[in-house]
Amino acid sequence: MQELRIEGVSKRYHHVAALTATTLTVAAGEFLTLLGPSGSGKTTLLSLIAGLIDSDSGRILLDGQDISGLPPYRRGLGMVFQNYALFPHMTVAENVAFGLQARRLPVAEVQQKTQLALDMVRLGAFAHRLPKELSGGQQQRVALARALAYQPAIVLMDEPLGALDRNLREEMKFEIARLHRELGTSVIYVTHDQEEALVLSDRICLMNQARVEQIDTAQALYFKPQTRFAAEFLGESNLFPCQVQKADGADAHVVAVDALGIRMPYPEPVPGSENTLLMLRPESIEVGTATARLPEGVLAVQAQIRSCQFLGAMTRLMVRVGETDIRVLQRTTSLNDLHQFTPGARVQLWMDPGRCHVVKA
Amino acid sequence: MKIALAPLMRNAGVAPLLVFLAIAFFVPVAMVLSLAVWSPVDGFSLASLQRILVTPIYSTTLLRTLEISLWTTVMCLLGGFPIALLINRLRGAARTSLYLLVLLPLWTSFLVKSFAWLVLLGKNGAVNALITALTGEPAASSLLFNLNAVLIGMVHGLMPFAVLTILPVLDAIDPRLTPAAASLGARPAEGFMRVLLPLAMPGVAAAGLIVFVTSVGFFIVPALLGGPRQTMVANVIIEMVLDLLNWPLASAAALLMFAVVAGLFALYIHGFGIESLVGRARVQAPTGAVRAPSPRRMAWRRWCWMAWDRVAEPLTRMPVVPALLRHGRGVAGLALVLFLALPALFLVPVSFTVSGIIDWPPQFFSWRWYAALDTPAWRSAAWRSLTVACATGVLSLAMAYPAAVWLVRKAQRSRVPVLVLMMAPMIVPRIIIAIGLFYLFARLGLIGSWFGLVLGHTVIALPFVLVTMIAVVQAYDERLDQAAAVCGAGTLLRLRRVTLPLLAPGALSAFLFAFVTSLDELTIALFVTGGLSSTLPKQMWDEALLRVSPTLAAASTIIFLLMSGTVVLAQAIRQRRGPQPRTQ
């Protein structure tokens, strides 16, 4: 098991930064996802780790050894390419055996490990077909088997599910999770699909504009984003400009949101007192009913419903408080719930300070 | 009635081309080849074949032809592959300009290219001048009229074909396969030997085939740059037909040449399929259901691989291979510029010399050799060449377009055999087509006629035009036409506003290639023109046999500029406006 450490690695193309100096560590056996919009530098970072492109600065350390000067074939990593890059002139078995043969293993061992890898992805019966004779999902499995056959400590995956249709993607997602669990390999996985990132990752490295925005677990990234970009990229969020004031007590603050006309206590550390935003997820806001009592500590704000979309289990509301539009996601439990959401109706929004979060603008 | 007409209508597009090829290609070639074993007087007889094979002067010529062709092929592949690889790896302006550097010598007339070597390798030529300047000693003798000169001329003439046949195959290889091999731990030499080279093999084999087949029928370079000991079969055939009127012997030589070529072609088709010869304009097989491979094919594949690995493995361990891979680009680029592109340019200064012979450095400055071209013979030849070239372009385009549409959109099972038939003129050595047409036209009274020349040149140009048009039709997205129809555009409006504007650039570049092919053509012209009805290349050839003077340099310079202009124009049209191939 090996730890991968990236120290101040950067890459420029002419005058465009493909990756600004980046530092991060991937623990042995960890599943780290590089998530971000296209052009955010995630594939650049992956290619730098693989050695497919040379970095302008920084070091890449594998178990303390600097590998940044090594060509890709000496780094001992595995990689699953976007659209797989299977060798079209080799059969499935030959593709999978390629990495083993490059390591000059004895013929018997090559055969045995090839078989093992093929069984692992349940393609034993297809060993003698050419890639073009396989379906997209099967090609995907071959690519996985080829990268895993020689048991690399780290496997890089570049949008491996991008070319598959939705159902297959679902299935392969669990397949990849299972392989990671069973083999204990570290995986660095590039995707722009949030759901894939949430399901698979131990940690997510959120990237934006050629730099790392935030590295955290999926839960932390969702509930405690540090920046506006993080708050908006993962899930939906309402963001309101706010002022943070120091209150009595060690870490206690008061957050004032002028747009909503509310002030609330905020017990956690804040990212700074200037240029801050209050984040409230649509599902964290409740629409108060006339009969229920306002729970203690929860703030109530008067609002007017502008539109209402019935989505089945949930109902999406657009409500307005003063001059500010707010998105609200409400569970639909009965037909009566829907009646009170007619556009124009006046309602009370309940906001729990415990569910609010302050981010950098 | 309707039912009977339907299949006729569906296949109407391919009919004109096939009928034309039957009349102007298959019948004359078959006729002339049959003369080798059959004559109206003696009936069936193997005597001519036997005479060719046992008479030492003929059999050594045959063997020498094969030997020169083989060496030419080997050197064209060894030199052409790195150049193709270099262009394949480049992007943008660098790629375009290097591509042009290959395209220009490709379309430079073989005559012009051979004249250039006369200037370079002659007793008073540029190479000797350079040697003298470096060593201080006067050069001993001419470097011409020997095997080396012939090989240099042939490799120079044919290497562009090798490059342009290999390049599309390299371009079609997924560029991530090499990094993928490296990510799996394969050293560059290993990745090259086990991934890139096997995948490029169809292109390399096709290039080898085309170069070999062209060399076997070559006569210009051996006649101009070689001595008596470099006479090749085509030279002998020309002599037999034009001077000795010995048809049975000429046909026997042609038949042997044809047998070698046909055998190689059959081998190639068996190994790689016809489609790889069409290069980028691949006519895609319908991607059907997933099918299991046959055990026999599997066994064959495994055997090939094992054999290849045996060879490749020690090669990858040779210390020279990584160095080659590392410095290959620079060497290839330098070779490309120095060897392929530069020689023809030496003719330009020579055409302005005052001196009466071709020597180096030229003594400036005089227009006299251009003035010498202003005679009725040269003028009528130029006029004839231009009109024939235009007519050839129009005629071949008119037949190739419907055929391409048929091949891409309508053909089903008959696609591959029809494609083989249509590409056949590219494979049969030109000299055989030429004597076939000579034989046929003599009976029809077409010798010396403008029309006969157009027919002959169209046969030669058709495969090139067809390949281009297949690519054009393939790149044309039929849904654009449907979209226009949905918007309410009628047939004419769609044709005028959508179909034609999209097809026109490709069609124009196909036309220009036919134009250049015809303008450059000597073999057919050698037989089909007669008396005063010469073409430019024929006029130059006659002049060259008579006396090598700077007139030829002047004529070459004009032709070179004309052709280069056309090629650059065609390429510019293709790149700027042509429909982009759809990404898969």
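**The interface and the cores**

Guide: The rule finds 1 salt bridge across the interface of chain A and chain B. This is a predicted model, in which local features need pLDDT of at least 70 and side-chain atom pairs count only at pLDDT 80 or more, while totals for chains, interfaces and linings use all residues. Residues are numbered from 1 along each chain as its sequence is written, chains are lettered from A in the order in which they are written, and side-chain values use heavy atoms, without hydrogens and water.

Visitor: With which residue does R104(A) form a salt bridge?
Guide: A salt bridge is a side-chain nitrogen of Lys or Arg within 4 Å of a carboxyl oxygen of Asp or Glu. For R104(A), the closest N and O atoms of the pair are 3.4 Å apart. The partner is E190(B).

Visitor: Which helix supplies the largest share of the side of chain A that touches chain B?
Guide: Helices here are DSSP runs (H or I, at least four residues), numbered from the N terminus. Both α2 (92-102) and α4 (136-148) of chain A supply at least two residues of that side. The largest share, 5 residues, comes from α2(A).

Visitor: Which three residues supply 25% of the area that chain A buries against chain B?
Guide: Buried area is the accessible area (1.4 Å probe) that two parts lose on being put together, summed over both. Between them, chain A and chain B bury about 2600 Å², with 60% of it on carbon and sulfur atoms. The 25% supplied on chain A, more than from any other three residues, comes from Y73(A), H89(A) and R104(A).

Visitor: Which residues have the most contacts inside the largest nonpolar core?
Guide: A nonpolar core is a set of buried (under 20% relative accessible area, 1.4 Å probe, protein chains only) Ala, Val, Leu, Ile, Met, Phe, Trp, Tyr and Cys residues joined through side-chain atoms within 4.5 Å. The largest one has 261 residues, and helix α10 (residues 188-216) of chain B gives the most to it, with 16 residues. Those with the most contacts inside it are I237(B) and L466(B).

Visitor: Is T392(B) buried or exposed?
Guide: T392(B) lies in helix α18 (residues 376-410) of chain B. Leaving aside residues up to four places away in sequence, T392(B) touches (heavy atoms within 4.5 Å) V454(B), H457(B), T458(B), A461(B), A514(B) and S518(B). Because its relative accessible area is 0%, T392(B) is buried.

Definitions and conventions. Buried means under 20% relative accessible area, exposed over 50%, partly exposed in between (1.4 Å probe, protein chains only).
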